[in-house]
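This briefing covers a helix and its packing, then a sheet. Please look over the sequence and the structure before reading on.

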Amino acid sequence: MGKVTGFLEIDRQVHKYQPASDRIRHFREFTLPMSDKEVEKQAARCMDCGVPYCHGPTGCPIHNQIPDWNDLVYNGDWDNAIRNLHSTNNFPEWTGRICPAPCEEACVLNLEDIPVAIKTIEQAIADKAYELGQIRPHPPEKKTGKRVAIIGSGPAGMAAAQQLGRVGHDVHVYERESRPGGLMRFGIPDFKIEKHYIDRRVEQMQGEGVTFHCGVNVGVDKKVSELLAESDAVLYCGGSETPRAAGIPGDDLDGVHDAMPYLVQQNKRVGGENIQSVAWAEKPIVAAGQHVVVVGGGDTASDCVGTAFRQGAVRVTQLDIRPQPPEKENKLAVWPYWATKMRTSSSQAEGAEREFQVATLEFIGEEGQLTGVKCCEVDEKRKPVAGTEFVIRADLAFIAIGFAGPIAGGVVKELEGQLAIGTDSRRSTNVQANDRDYKTSVDRLYAAGDVRRGQSLVVWAIREGRQAARAIDEALMGASVLPR
């Protein structure tokens, strides 16, 4: 390492946020970037540890070579730092913004609760790449004459498309929505990642020969059989979009919604699109002046909280059936794995009231309109505790308890009986394919990303897209120069 004593001499610093009172007034990103010199100092904190768990399977799913680019940043070699980062990650400006950073959990310095600020450094490298002109097309030297169709333009589909395009295949990406990006564009709010970062990558990939077909719902507007007939291989990256069934009485009341239609609507508003094009819910959902309850404790629930505040909600309450976790984990028991501990997202810090170890019993309403959410405390087995019932006032309620697999229509419906569907430990119905060749039960049809592994992180989607691209290239050409 460039400065082996850096971790002893320099305190951990990460980029700061705008005050909550300011950031809830807009939907833009609200992080305050650090200067190059400040980032270089943070990179100097990377230890010369014997086993860098940060970029192993316990830390980074895409195996970013974190110690290497930390050293390059410390030495001011930003140009080679982005080259190194791009060698494993097609979209570091995405992951640097929205990844929960399991790499920092796996950092050796996390044993002392002062991990290297890896996520902050990664975002800084990616943003610097735009300044240096590194985000430009890298077209192939020659074409292979092979055509590959990709269904879905989320992180998995985009990563696979870029990899396959760069080795010379004719790549066509089919997206159901009006613009590429999948849930990166329409599910994740702009205050977490502004969408021009997706647009720049689309422009780059178009310059590399990738063709995007938006507004095409494969399985409905265009048959999978057509794609298979006109392509040498088809990769299904449709995501995991079916909301997990909550089974809560009263969920048919006006004012009760699944989380994703709400988030999609607002993202379309910010993007200047017509929300009537949202297939799931044509009626506008707005939290201005409302008492809001969010059922669920994950990232999607947190996105609903932040969106509701920005729309002008009076009060936002978040319900989590899990017990309140400890403020600090037992390092010797869980490190270097992701620990269960008290975490507060930027959205929750904007004023959400959080209820732990609480079950949602019923949505209550009058004349078909939601008026409250009936809850109760639960025991360690998540069973209701008698006599602990209470009601929270609610004008709007969002159910954000995860996703159960790909949508039943489209590809899955057309290939019913041919496409093998499996159930994982979370009772999600995923398309069956292994993580070596990514082949499905249908000849020349591959699957990667959330549609295969179930709902997961953007880093896992990018990894699967890259690995599936390698498998497809190897199948078509007999060998591949693409990394796994």
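In which sense do strand S4 and S5 pair, and over how many bridges? Strand S4 (residues 170–175) pairs with S5 in the parallel sense, over 4 bridges. The model is predicted: local features need pLDDT of at least 70, side-chain atom pairs count only at pLDDT 80 or more, and totals for chains, interfaces and linings use all residues. Residues are numbered from 1 along each chain as its sequence is written, and side-chain values use heavy atoms, with hydrogens and water left out.

**The sheet**
- An open sheet is formed by 5 strands in the order S5-S4-S3-S6-S17, with parallel pairing (two strands pair if DSSP finds at least two bridges between them; strands are DSSP runs of E, at least two residues, and helices are runs of H or I, at least four, numbered from the N terminus).
- Strand S5 (211–214) and strand S17 (445–447) are at the edges with a single partner strand each, so one side of each has no neighbour in the sheet.
- Val-173 stands opposite Phe-212 in S5.

**Helix H4**
- Within helix H4 (residues 66–74), the buried residues are Ile-66, Pro-67, Trp-69, Asn-70, Leu-72 and Val-73 (buried means under 20% relative accessible area, with a 1.4 Å probe and protein chains only).
- These buried residues pack against helix H3 (36–43), helix H5 (78–86), helix H7 (102–106) and helix H8 (118–131) (contact means heavy atoms within 4.5 Å).

How values were computed:
Buried < 20%, exposed > 50% of the residue type's maximum accessible area, 1.4 Å probe, protein only.
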